[in-house]
Amino acid sequence: MAKKRPQAKAVKPQISDGEIPVVGAREPCPCGSGRRYKACHGRAASHAVTELVQRPFEGLAGECDWVALRELVPAATVPLTLKDGLPEGVPSVTLATVLPMAWPALRREDGSVLIGLQNETPSGDISRDLADTLKRALVAEPGSPVAARRAESDGVRLQDLLDPAAAFEPEVHTGFEFWVPDADSAATEVAASLERANAAAIPTVRLKSVDSSYWCETPEKNHLRWVMPYPEEKLLDALARLHAAGTSSLGEGTRLVGSFRAHGLTVPVWDLPSDMGAEECEKPAAEFAERLAGALANEEPLTADERRARGGLTNRQVTLS
């Protein structure tokens, strides 16, 4: 019998990296390698999109308040200042904790822009996702929301768009009426969303005596949650020194109960009596800030009691993001 001739394999045309289109993660890579896209030319793009940025708001004015509004405060707004000024037809840009129907952004009928901060973001860089939303909102049709989407992995970040010298001064609201110019004439779906949001909002007040500190009221007890800009290890040492010395509270009936870790910053939390309002926190918080400054400046090794106090605080630390 005559031997069969081996059939020549078809040669796939070579495609340069710059010509390879984006396809589904599990589809064959268009480069012809035979591997799935996610394991070939999609690997770098996937890594860039999903890699977590630990401090997404670092470098922005008011970084601690950005974290508080993202994680702790129900209803608040902040005017934003763009580096290059406002485009024609956009009278203002405002950051909001939440928007109706969880919209990422809204271009109002008058051309003004609202950006929602507490939305799910598709990548590991909140700053890049928000910047992409902001850019699209600036050119959206007036009277329309902006849909969510995945930002380009090499897209601009908020730090590229916002003026770092501009003040960042949150205004905390008792409800979400800031969503619409006239709540009584809001569309049915917006009115329903507004009612649900108002019913779920926890009363919150931003203290005036110290930065980035927020009092809130809950049915059982009140709390003070204070976002601090100091390196975590140094701050925990300082808090441990004060805790071991019996000076970590904000007065009678109050107690430092632990801390959150959020977007690269530490947020100490105090339990307060139910009859201790925000105004009653102002003076104790200012006095605590002075004690904390002294503890932060202390470079001595922790004592045995301070190490035990630090261990207790660390065990009661919860990571939010």
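**Note on the predicted model**

1. Helix α2 (residues 63–71) is largely enclosed by the rest of the structure, because eight of its nine residues are buried. Buried means under 20% relative accessible area; exposed means over 50%, and partly exposed lies in between (1.4 Å probe, protein chains only). The buried residues of α2 are E63, C64, D65, W66, V67, A68, L69 and R70. Helices here are DSSP runs of H or I with at least four residues, strands are runs of E with at least two, and both are numbered from the N terminus.

2. This is a predicted model, in which local features need pLDDT of at least 70 and side-chain atom pairs count only at pLDDT 80 or more, while totals for chains, interfaces and linings use all residues. Residues are numbered from 1 along each chain as its sequence is written, and side-chain values use heavy atoms, with hydrogens and water left out.

3. Overall, the protein has eight helices and twelve strands. Of its 321 residues, 45% count as buried. Contact means heavy atoms within 4.5 Å. Among contacts between residues at least 6 apart in sequence, 61% join residues at least 24 apart.

4. Six strands form an open sheet with mixed pairing, in the order β7-β8-β9-β11-β10-β12. Two strands pair if DSSP finds at least two bridges between them. β7 (204–206) and β12 (317–319) stand at the edges with a single partner strand each, so one side of each has no neighbour in the sheet. From one strand to the next, the twist averages 25°. Angles run from 0 to 180 degrees between N-to-C directions, and axes are lines fitted to C-alpha atoms, for helices over the stretch in contact.

5. V205 stands opposite W215 in β8. Two helices pack on the sheet. α6 touches β10, β11 and β12, and its direction makes about 25° with that of β11. Helix α7 (residues 278–297) touches β7, β8, β9 (222–226) and β11, and its direction makes about 40° with that of β9.

6. Helix α6 (residues 232–244) also packs with helix α8 (residues 304–315), at an angle of about 120° and with the axes 8 Å apart. On the α6 side the contact includes E233, L236 and H243, and on the α8 side D305, A309 and L313. By class, this contact has six nonpolar, two polar and six charged residues. Ala, Val, Leu, Ile, Met, Phe, Trp, Tyr, Cys and Pro count as nonpolar, Asp, Glu, Lys and Arg as charged, and the others, Gly among them, as polar.

7. H263 is found in the loop between β10 (255–262) and β11 (265–272). H263 is buried, with a relative accessible area of 6%. Its side chain makes a polar contact of 2.7 Å with the side chain of E71. A polar contact is a pair of N or O atoms within 3.5 Å; within protein, one must be able to donate a hydrogen and the other to accept it, and residues adjacent in sequence count only if both atoms are side-chain atoms. Not counting residues up to four places away in sequence, H263 touches residues including V67, R70 and E71.

8. D271 lies in strand β11. D271 counts as buried, at 13% relative accessibility. The side chains of D271 and H223 are joined by a polar contact of 2.9 Å.
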